[in-house]
Every structure is written in structure tokens, then in C-alpha cells.
Amino acid sequence: MMSNLVKAPDVEGPEFTRSGLNLTDGSLGAKVLSVTDEFFAPGERMLDPAAPVFYPDRFDDHGKWMDGWETRRRRNTGHDWCVIRLAMPGVLSGVDFDTSFFTGNFPPAVSLDACYCPGGDPGEEADWHTLVTATPLSGNDHCFRDIVSDRPWSHLRLHLYPDGGLARLRVYGAPYCDWSALEDTDE
């Protein structure tokens, strides 16, 4: 039994956190499709809709258990990234890069790309667009950023520069449906 559970405090975010739906909510169907590294913690954890938690005395086979996605330190060039399928396509309005409880192991910066692949997942030919340029992060904090785009997106690519841990990725927006792509059933 873990009796020392600490829950991240509630944070008042900008308007988009109240008016938009979190389209990276794993309970709604958002899913991590691919990652470069999950040595310390799997990417799916950052899609949990619940507030992050911290257990001071919890460890697993890879060290300290953390509630979020955490990669090992890179010993080569490059950076870590993951691809996420949104719970549903949407027109995005903002993002919360939440580093709750990640104090010495948060990524120094992140960026966010998006693409629209209705009916499937992106391949090599995907047309990725940068929504949030490289943005510095702090530990145990929320970094809110507006997304200015009127296009729908179905997938995200999150970049960690160069590596580290993110407790939650919350991307807010309005669900999108391409009604013209639906078959006419009135025959």
C-alpha cells in the first residue's frame, strides 16, 4: 500500500482549457502510436486524464516510478519524439505541457507538430505542420501555449529536446467531422 501519494494541485489554465475538449485524453481514445524511447515510463501515461501523482517510495525495474512519459538520457545526437493519434480529429486551440513532479528530468524544450490523416495513421508521406515551435520548459510546472490554426488535425508529433519526462500532454480543441466525406444513406 502506497500511503505517501501526492497529487498534483489543480491549476487555473487559460480560456482554451475551459472551452475546449482535451483531444489527447486516453479515456476518449487518444493513443500513442510510436515513440523513440520509453525506458523509464511509457508514453501512454501522459495521456491519462487524471491529475499526475507522485509516490516518493515507489520504484520499478528502471528506477524511480514517474507518472508520465520519460525517456532515458540521450548519449548521441538527436532528440526523442512520439506520435499520438487524437481521440478524434479536431481544430486545436491550445496545449498544456505539464511537467508536474518532473524536477531534474524534464525536457529543456518541446515542440508540437500535427497532420491530418482521416481514416488512417500517418506514414512516411505525412504532411506535418509545426503548431508550437521549440518552447522552453521548467520543472514541476505547466507551460500553456495557444495554437493558432483553423485546420483540423488528427495526429500529433511531440518532440522532447533532447530527452526527459512529461507528466501530461493536454491538447484542447473542438471535434471536427468532415460531413462531405460521409456516405449519403438516403437512397
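Let's start with a handy term: a residue is buried if its relative accessible area is under 20%, exposed if over 50%, and partly exposed in between, using a 1.4 Å probe and protein chains only. By that rule, Tyr116 counts as partly exposed because its relative accessibility is 28%.

What you're looking at is a predicted model, where local features need pLDDT of at least 70 and side-chain atom pairs count only at pLDDT 80 or more, while totals for chains, interfaces and linings use all residues. Residues are numbered from 1 along each chain as its sequence is written, and side-chain values use heavy atoms, with hydrogens and water left out.

**The whole chain**

Of its 187 residues, 44% are buried. Now look at contacts (heavy atoms within 4.5 Å): among those with a separation of 6 or more, 81% join residues 24 or more positions apart. Along the principal axes, the C-alpha atoms fill a box of roughly 65 × 35 × 30 Å.

**Rings that pair up**

In general, you describe a pair of aromatic rings by the distance of the centres and the angle of the planes. Rings of Phe, Tyr and Trp (its six-membered ring) pair if their centres lie within 6.5 Å; planes under 30 degrees apart are stacked, over 60 edge-to-face, and the rest tilted. The whole structure holds six aromatic pairs, and here are two of them:

| Pair | Centre distance | Plane angle | Type |
|---|---|---|---|
| Phe54 and Phe101 | 5.4 Å | 20 degrees | stacked |
| Tyr116 and Tyr176 | 6.1 Å | 80 degrees | edge-to-face |

Phe101 counts as buried, at 18% relative accessibility.

The Tyr116 and Tyr176 pair also links distant parts, 60 residues apart, with Tyr116 in the loop between E9 and strand E10 (129-136) and Tyr176 in the segment after E14. Tyr176 is partly exposed, at 30%. Elsewhere, Phe16, Phe144 and Tyr172 form one aromatic cluster.

Is Ala181 buried or exposed? Ala181 counts as exposed, because its relative accessibility is 58%. You'll find Ala181 in the segment after strand E14 (168-175). Ala181 and Pro118 are 63 residues apart in sequence, yet their C-alpha atoms are 9.7 Å apart in space.

Terms used
Helices (H or I, at least four residues) and strands (E, at least two) are DSSP runs, numbered from the N terminus.
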